[in-house]
Amino acid sequence: MKKFFQDFKEFATRGNVIDMAIGVIIGVLLAVSYHHWLMMLLCQL
């Protein structure tokens, strides 16, 4: 378990956290956009 935290700390300090955060933000935006589009489509039926 100690090695996991040590590896995670090393991963986080390499700047990959910013890349991961950008990926999460893009994923959330796509999910919200898809949900909005689906609700508009279903309301028209």
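A residue is called buried when its relative accessible area is under 20%, exposed when over 50%, and partly exposed in between (1.4 Å probe, protein chains only). The structure is a predicted model, in which local features need pLDDT of at least 70 and side-chain atom pairs count only at pLDDT 80 or more, while totals for chains, interfaces and linings use all residues. Residues are numbered from 1 along each chain as its sequence is written, and side-chain values use heavy atoms, with hydrogens and water left out.

The protein has two helices and zero strands, where helices (H or I, at least four residues) and strands (E, at least two) are DSSP runs numbered from the N terminus. Its C-alpha atoms fill a box of roughly 55 × 20 × 5 Å along the principal axes.

Helix α1 covers residues 2-13, and because D7 and K3 are four residues apart in this helix, about one helical turn separates them. Their side chains meet in a salt bridge at 3.4 Å, N to O, the term requiring a side-chain nitrogen of Lys or Arg within 4 Å of a carboxyl oxygen of Asp or Glu. The structure holds one such bridge. D7 is partly exposed at 35% relative accessible area, whereas K3, at 56%, counts as exposed.

The structure also holds two aromatic pairs. In one of them, the ring centres of F4 and F5 lie 5.5 Å apart with their planes at 70°, so the pair is edge-to-face. Rings of Phe, Tyr and Trp (its six-membered ring) pair if their centres lie within 6.5 Å, with planes under 30 degrees apart counted as stacked, over 60 as edge-to-face and the rest as tilted. F4 itself counts as exposed, at 51% relative accessibility.
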